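Good morning, colleagues. Please look at the structure on the screen while I go through a few of its residues.

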Amino acid sequence: APDNSVTILSSQFDMGQGPYHGLATLVVEELGADWSQIDVAGAAGNTKLYGNILWGGAVQGTGGSTSIATSFDRYRQAGATVREMLIAAAAETWGVAASGITASGGKLTDAAGNTASFGDMAAKAATMPLPQEVKLKDASEWTQIGNEQLRRFDSAAKANGTHDFTIDIKLDGLLTAVVAHPPKFGARVKSFDAAETLKVRGVTDVVEIPRGVAVVAEHMWAAIKGREALTVEWDEAQAETRGSAQIMAEYKASTGEAPQATARAEGDTASALASAAKVIEATYEFPYLAHAAMEPLNAVARRNEDGTLEVWGGHQIPDLYQGISAKIAGMKPEQVTMHVMKTGGGFGRRAVADGDVVAEAVSVAKAIDYKAPVKVQWTREDDMRGGRYRPAYVHSFKAGLDQDNKLVAWHNHIVGQSIVSGTPFEGLIKDGVDKTSVEGASNIPYGIQNINVGLTTTDVKVPVLWWRAVGSTHTAYAVESFLDEVIAEIGADPYAYRMELLKDHPRHAAVLKLAADKAGWTTPAPEGRFRGLAVHESFSSVVAHIAEISMEDGTPTVHKVTVAVDCGIAVNPDIIKAQMEGGTGFGLGSILAEELTLVNGEVEQGNYDTYTPLRIDAMPQVEVHI
């Protein structure tokens, strides 16, 4: 822009994990801009430009650790293209050859002493023809990509409160709505009485929508008090009424039966187990887990006088939500503008097949005849009890060892819900196997001759969703813990035994060796301390952890975790370290403290007092090596 600002439109949704900074780094590297010029905004509405290449390019979306991979070439290309257009504008203005002009630090200069800011040349550059080919920098020329000193450009705004999220949106005449959802999943509204609710000062409307009853008010407090006064009778004929204890008991019973489908079968595992010198068995249970992001779910909808619709929110898959919004409003998708807001945490929660809170916002706006813009805001309790959990799973294992303690058979039966069944993402299911249920288990890297991984998919009405690393959030723990039990049974060294099994997987072996070297695996742990390790691949990145712990009254304290990660080209090393630190805390919290339970189909936990992510005093020192 003429004011010398550089705005980058991001195809990727930022939930705090840093893609805005990552994409900006790619652009700045090639453009030659100064970081003081940079701003990044969420973009939507052009699948050709913004479609996720690693998802086939047909839909815009963020997930599966694809943000940098889908952006690496095209955002560098964008930066280089604009650089060449700015140089062409300067060359024409100064009457010099373009080859003698350089772009650096947000300025254009040549050997003759001519200089101009990008802003000075912006208007003219916009008239320049798009270059058909541009040369990208060689890796040896990079100053931004891989720069370990580079810190996120948006950190200050988050620290001083000027960073706007959906919860901060203010529009003229904006109304706030909260929704009374069924206490049991699968229930529906039978009838409701809004007489007392409408007496609450500030309440303007009470309307039924497909997902419950919405109380609309002039502000959040009135909406909450109005909902408290609301009487709703629920039809629970199709509701899930089992508790989590009963569900898990049924899962455990299912592990004793043959799996419904086979995710991996190599060799003859049954025969190898039957002839093994020793067979080791174990079962692991994983509870439902909530995403529990800091910003509860929300979205804003407004219909304009020209008949168009605008929707603000954490649009992780904007193309999908645009279509859903248009269908609810009875419009064409091109009449709906999606404003992609930065979001206070996501972990997969904003990537929903039915639009979720976005659909609620449009439904409420339509129900009140679009008389004012509406923000649907969930409370923490709404968020915690609103479903879309990491599915509960049970893993049963059998391992066979020969006379020389060589691992000759591995059998893993996984029981749990499918995340994608009955959704637009159902194509991920192949031959009865939802790959999100088995990833991290069906592709274990260990050199075992006979491997069988089976899956039984259950029918439960608790809504489930991808949670952080999806399948690997349970498979990594189950696989690595069971392997440790096998190794402990024979008294071998967990590191050396794994390295022998990883001969054909050099990336896994390399990160495990790096972690072991940095943690001093071969040296004794301090008095009263113990070490454990794991290595795992998720979404094409390989990570090894070595944890140093102590035990008191049967409870572990994790003092230090040494991490080694191979994620390919490290565009932003500081963000990678932050992701490893955050992932370590997130995973540790799910092991030590987090569990979401149901009684008679109703969720017990509602806030951070009963659903407890890791507290800061339990966060270990984390040392990251890339």
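By contact I shall mean heavy atoms within 4.5 Å. Please keep in mind that this is a predicted model.

I begin with Ser 418. Where is Ser 418 found? Ser 418 sits in the loop between strand E18 (407–416) and strand E19 (429–430). Is Ser 418 buried or exposed? Ser 418 counts as buried, because its relative accessibility is 12% and the cut-off for buried is under 20%. Leaving aside residues up to four places away in sequence, Ser 418 touches Ile 429, Asp 434, Ser 437, Thr 457 and Val 464. The side chain of Ser 418 also reaches the backbone nitrogen of Val 420 at 3.3 Å.

I turn now to the nonpolar cores. The largest one has 63 residues, and among those that touch the most other members are Tyr 251, Leu 309 and Val 376. Helix H10 (residues 357–367) supplies the largest share of this core, seven residues. Another core, of 45 residues, lies apart from it, and includes Phe 286 and Tyr 497. Returning to Val 376, its contacts include Val 357, Glu 360, Ala 361 and Val 364, with residues up to four places away in sequence not counted.

Finally, the surface. Ile 53, Leu 54 and Trp 55 form a nonpolar patch there, with about 290 Å² of accessible area together. Trp 55 belongs to the loop between helix H2 (47–50) and helix H3 (67–94). With a relative accessible area of 34%, Trp 55 is partly exposed.

Methods:
Residues numbered from 1 in each chain as written. Predicted model: local features only at pLDDT ≥ 70, side-chain atom pairs only at ≥ 80, totals over all residues. Heavy atoms only, no water. Core = buried A, V, L, I, M, F, W, Y, C linked by side-chain atoms within 4.5 Å. Buried < 20%, exposed > 50% of the residue type's maximum accessible area, 1.4 Å probe, protein only. Helix = DSSP H or I, 4+ residues; strand = E, 2+ residues; numbered from the N terminus. Patch = residues over 30% accessible without salt bridge, like charges linked within 9 Å, V, L, I, M, F, W, Y side chains within 5 Å. Areas by Shrake-Rupley, 256 points an atom, 1.4 Å probe, with all protein chains shown as cover. Salt bridge = Lys/Arg side-chain N within 4 Å of Asp/Glu carboxyl O. Polar contact = N/O pair within 3.5 Å; in protein donor to acceptor, adjacent residues only side chain to side chain.
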